[in-house]
Amino acid sequence: MTAVLASGKLVAVLQAARTDRSGAGFITTPASHLDLDHHGIPGDRHHGAVRRAGPREPWLPRGTALRNDRQLSALCPDELAEIAAGLGITALLPEWIGGNLLIGGLPGFSRIAPGSRLAIGGTWGGKGRFDGGAVLRVEAYNAPCRLSGRAVAVANGQPDLEFAFVKAAARLRGLVLSVDLPGRIAPGDAVVVLKPMQG
């Protein structure tokens with residue numbers, strides 16, 4: 001029997017163009033749907049089977065090839081509103097911080113355990129066989145960084161938000177995901193959270 005932890009809804013999907021390492025293209029743009037493959041979103045800057053080690057892996061030389069556990073970034077509307085309130089701004093748009101998925105209806109979204117699956121689409125509701133679009137694996141909590149803070153600062157014309165964002169977004173920054181089962185997903189799709197497999 002499948003262990004369903006919670007269910008919510010896909011509010012929006014977004015993608016960023018693949019760009020050079022300058023940081024241009026970090027901002028995402030809304031899309032009508034995403035066609036995911038095993039490497040993420042084709043054409044997105046985070047698409048691929050591997051990624052390069054950076055400041056999140058200080059124990060490795062920069063540029064070391066790693067399995068890409070950051071194919072997609074998922075955010076929650078309630079958590080974005082909480083961050084915005086902490087920053088004293090009207091709203092925090094997911095595209096400013098490179099979000100790919102905006103998922104509503106899941107309290108404690110950023111605390112969903114690594115190894116959980118997000119089964120997106122279909123009418124199965126966590127019972128029987130999955131009949132939806134894609135299944136994504138929760139890899140980790142996405143800790144806030146200055147790159148995101150800089151994008152928020154630029155969008156609001158307030159340079160002080162670059163550092164303030166890192167503090168305000170602590171424990172609210174969302175999740176990074178990889179693709180288990182590729183397929184098409186779109187706003188309005190159901191999202192069922194499945195607990196991590198246990199041996």
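Modeller: A polar contact is a pair of N or O atoms within 3.5 Å; within protein, one must be able to donate a hydrogen and the other to accept it, and residues adjacent in sequence count only if both atoms are side-chain atoms. Here, a polar atom of the T28 side chain lies 2.8 Å from the backbone oxygen of G99. This is a predicted model, where local features need pLDDT of at least 70 and side-chain atom pairs pLDDT 80 or more, while totals for chains, interfaces and linings use all residues. Residues are numbered from 1 along each chain as its sequence is written, and side-chain values use heavy atoms, without hydrogens and water.

Biologist: Is T28 buried or exposed?

Modeller: Buried means under 20% relative accessible area, exposed over 50%, and partly exposed in between (1.4 Å probe, protein chains only). T28 is buried because its relative accessibility is 3%. Leaving aside neighbours within four places in sequence, T28 has contacts (heavy atoms within 4.5 Å) with residues including L14, P94 and G99.

Biologist: How many salt bridges are there?

Modeller: A salt bridge puts a side-chain nitrogen of Lys or Arg within 4 Å of a carboxyl oxygen of Asp or Glu, and the count here is eight. In one of them, R51 and E57 meet at 2.6 Å, N to O. Both of these residues are buried, and a network of salt bridges links R51, E57 and D69.

Biologist: Which side chain meets R146 in a salt bridge?

Modeller: That of E162, at 2.9 Å from N to O. The pair links distant parts of the chain, 16 residues apart: R146 is in helix α2 (residues 146-156) and E162 in helix α3 (residues 161-168). Helices are DSSP runs of H or I, at least four residues, numbered from the N terminus. R146 is partly exposed at 41%, whereas E162 is buried at 12%.

Conventions. Helices (H or I, at least four residues) and strands (E, at least two) are DSSP runs, numbered from the N terminus.
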